[in-house]
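Biologist: I would like to learn how to read a pocket and a core. Please take me through them.

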Amino acid sequence: FSENKKNNSFLFEESQASEYDVKIDSFQLGPFLNEPMIGSVFGKVFMNGEIFSNGNINFNNIEGEISRFDFNDYSYRNIVLSEASFTDQVFAGIIDIKDENLEMTYTGFMDFNTQQQFDFDVDIHRAQLNKLNWIESDTLITLSTMFTTNLAGSNINNYSGDISLQSLLYEAGSKSFDIPT
């Protein structure tokens with residue numbers, strides 16, 4: 001990266017001569033965001049964009065692999081970001097997770113501005129909920145689902161829109177609940 005004195009910012013440009021632009025080695029994201037459920041992040045990413053001294057972040061392109069992301073006392077592995085950007089408080093992109101307990105694809109965008117908007121598709125091929133610490137159970141609990149979300153509002157108490165479920169399979173031990181497409 002380089003300093004842009006004209007805009008009082010730091011420029012990030014994708015390096016063609018390296019396997020990454022930014023290497024994240026045990027960054028404590030949770031304390032940074034004041035979120036106790038989030039822990040460390042490890043990964044290598046390519047980025048094009050700018051970080052301004054006032055805290056604004058504009059990355060036109062983000063691609064790379066997050067080798068580990070700690071959330072709710074579980075370490076997610078093998079997360080790939082592609083066709084991603086974060087500009088003007090809007091994240092857009094594709095997130096693929098190929099963890100031993102979660103296989104999932106997220107495609108879409110999330111606008112975190114005052115009038116928030118969430119428009120995305122999620123395909124959870126397999127989530128072992130108890131192993132991910134989402135549910136406390138000695139029985140293996142697995143979820144497979146596909147859904148589309150289109151919500152808008154200024155906070156979670158006044159969101160309006162649609163969440164459309166395409167499929168759902170919930171398995172707890174030998175019992176299952178299936179809503180086919």
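**Pocket and core**

Modeller: The largest pocket is lined by 35 residues, and Leu29, Leu33, Phe69, Leu81 and Phe91 lie nearest its centre. A pocket is an open set of points on a 1 Å grid over the protein atoms alone, where a 1.4 Å probe fits, with protein on both sides within 12 Å along at least five of seven lines; lining residues have an atom within 4 Å of a point. This is a predicted model, where local features need pLDDT of at least 70 and side-chain atom pairs 80 or more, while totals for chains, interfaces and linings use all residues. Residues are numbered from 1 along each chain, and side-chain values use heavy atoms, without hydrogens and water.

Biologist: What classes make up the lining of the largest pocket?

Modeller: The lining has 34 nonpolar, no polar and 1 charged residues. β5 supplies the largest share, 6 residues. The volume of this pocket is about 1900 Å³.

Biologist: Which residues have the most contacts inside the largest nonpolar core?

Modeller: In soluble globular proteins, nonpolar side chains tend to be buried together. A nonpolar core joins buried Ala, Val, Leu, Ile, Met, Phe, Trp, Tyr and Cys residues through side-chain atoms within 4.5 Å. Here the largest has 30 residues, with Ile62, Ile95, Leu102, Met104 and Tyr106 making the most contacts inside it. β6 gives the most to this core, 6 residues.

Biologist: Is Ser82 buried or exposed?

Modeller: Ser82 is buried, because its relative accessible area is 18% and buried means under 20% (1.4 Å probe, protein chains only). Ser82 lies in strand β6.

Technical notes:
Buried means under 20% relative accessible area, exposed over 50%, partly exposed in between (1.4 Å probe, protein chains only). Helices (H or I, at least four residues) and strands (E, at least two) are DSSP runs, numbered from the N terminus. Grid points are joined across faces, edges and corners, and a volume is the space filled by probe spheres set on the points. Ala, Val, Leu, Ile, Met, Phe, Trp, Tyr, Cys and Pro count as nonpolar, Asp, Glu, Lys and Arg as charged, and the others, Gly among them, as polar.
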